[in-house]
Amino acid sequence: MERQSFLKTIAGLLFLVFFAIGLVLAARKPLWTDEIYTQTKNIDQASYFEIMAGKIIEGNNCPLFYLLQKGICDVFHYKFPKVWDSREREFSDPRSQFILRILPNFFTSWTLVMIFYFFSRYYSLSAGIYAFLVSLSSLMVWVYWVEARPYPLWIFFTVLQSMLFILLAKREGSEARWLVWLTVTNILLSLTVLFGIIQIMIVTGLLYAWGEKRLSKYFLMTIVPLGIAFFYYFRTLKIHFYLPDHPLSLIFVNLPLERVVVLLFYAVILGTLMVRQRGKSHVHYFKESLQYFILTIVMIAAALGILLVFKVYEPPLREGVFQLPHRYFLYLTPVMILAVTMCSIYIIKIFKGQRWMMINSIIFLGGILMIRILKTFSEVANQRLY
């Protein structure tokens with residue numbers, strides 16, 4: 001209990017630090033076109049009932065973000081302070097930047113703290129610090145930290161969903177308790193973003209494949225959120241997109257090369273160990289990391305599948321059509337944060353007792369992390385925030 005109290009104290013302090021950082025980012029970054037459009041055309045004009053009914057004029061009309069944001073605006077008696085000219089790309093206003101970015105700042109700060117606390121509690125303090133550094137070295141975290149749109153909520157619920165998946169694989173605590181939390185998370189995810197459909201199907205599909213085959217166990221956590229998501233999908237604004245000249249760049253901005261290298265390193269080491277042992281003892285020992293590794297591969301495959309679907313339905317002419325944005329694959333960022341952390345933890349565990357291999361692995365993983373940190377903070381310092 002003393003350790004948990006210590007971790008909760010550290011987590012609370014980290015939240016205050018992260019939230020303060022978010023306030024600085026919010027103050028420095030003017031509101032831009034998409035944020036202004038969301039506020040003026042939807043939140044200011046739509047009623048709570050209309051938001052719940054999916055009457056949002058955007059590609060994503062799932063209501064949770066819009067409801068929460070409208071509630072904050074009502075508390076502060078806030079409406080966008082001018083008639084917006086759509087030709088304006090940016091708008092600087094300290095009060096607007098503060099109020100509209102409270103919600104995303106809160107969820108981003110909570111997400112970062114949650115990642116630190118999860119790995120510190122269920123693995124080790126060093127694992128929590130490593131996970132915290134992996135999170136902060138993720139460019140998309142900084143890009144969407146204070147974005148006044150649904151993306152910080154999407155990242156938050158993706159992280160929560162992934163953590164519950166790991167706990168179920170780890171058999172940590174009461175399975176029934178984690179299944180209830182996963183059900184709630186899936187429902188909230190389906191109320192946040194339409195692409196949550198894919199994540200829900202993958203997570204529950206893998207749990208079914210590896211666990212109990214009683215379908216009733218998965219009904220609430222799957223059918224209910226999918227029903228919610230499809231309800232909003234059939235009422236959403238259908239937007240046609242064209243792909244850029246290098247479509248895979250949309251995925252790789254959320255899937256940096258350094259992260260892929262760590263996953264490949266894990267796969268090679270564990271695969272070699274399994275062949276040498278000619279048994280499944282190590283597979284069982286590394287169960288949660290192996291299952292999350294497989295989940296990550298399936299999530300990446302799903303992103304490639306989404307890209308292919310957009311390519312198939314790409315309109316022949318680009319006039320009046322939007323380019324597909326990289327944020328449609330944003331869920332890969334939190335998935336990869338947890339995957340890199342899990343794989344790194346178990347790479348070290350594999351070489352426990354082999355001093356030189358462990359030292360070399362730590363140097364390798366630390367070097368990869370440092371490269372990613374330098375790249376990310378170079379982009380942030382140059383304000384190359386997409």
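Author: Contact here means heavy atoms within 4.5 Å. This is a predicted model, in which local features need pLDDT of at least 70 and side-chain atom pairs count only at pLDDT 80 or more, while totals for chains, interfaces and linings use all residues. Residues are numbered from 1 along each chain as its sequence is written, and side-chain values use heavy atoms, with hydrogens and water left out.

Reader: Which residues is Gln69 in contact with, leaving aside its neighbours within four places in sequence?

Author: Gln69 belongs to helix α4, residues 64-75, where helices (H or I, at least four residues) and strands (E, at least two) are DSSP runs numbered from the N terminus. Once neighbours within four places in sequence are set aside, the residues in contact with Gln69 are Gln39, Ile43, Leu100, Leu103 and Ala148.

Reader: Is Gln69 buried or exposed?

Author: Buried means under 20% relative accessible area, exposed over 50%, and partly exposed in between, with a 1.4 Å probe and protein chains only. Because the relative accessibility of Gln69 is 0%, this residue counts as buried.

Reader: Where is His77 found, and is His77 buried or exposed?

Author: Most residues other than glycine have a negative phi. Phi of His77, however, is near 50 degrees, a positive value in a residue other than glycine. His77 is found in the loop between α4 and β2 (90-91), and because its relative accessibility is 72%, His77 counts as exposed.

Reader: Which element gives the most to the lining of the largest pocket?

Author: A pocket is an open set of points on a 1 Å grid over the protein atoms alone, where a 1.4 Å probe fits, with protein on both sides within 12 Å along at least five of seven lines, and lining residues have an atom within 4 Å of a point. The largest pocket has a volume of about 1,600 Å³, the volume being the space filled by probe spheres set on the points, which are joined across faces, edges and corners. Of its 45 lining residues, the closest to the centre are Gly59, Ile239, Phe241, Phe310 and Tyr328. With 4 residues, the element that gives the most to this lining is α16.

Reader: What is the volume of the second largest pocket, and which element gives the most to its lining?

Author: The second largest pocket has a volume of about 500 Å³. Of the 19 residues that line this pocket, the closest to its centre are Met114, Tyr117, Leu160, Met163 and Trp178. With 7 residues, the element that gives the most to the lining of the second largest pocket is α6.
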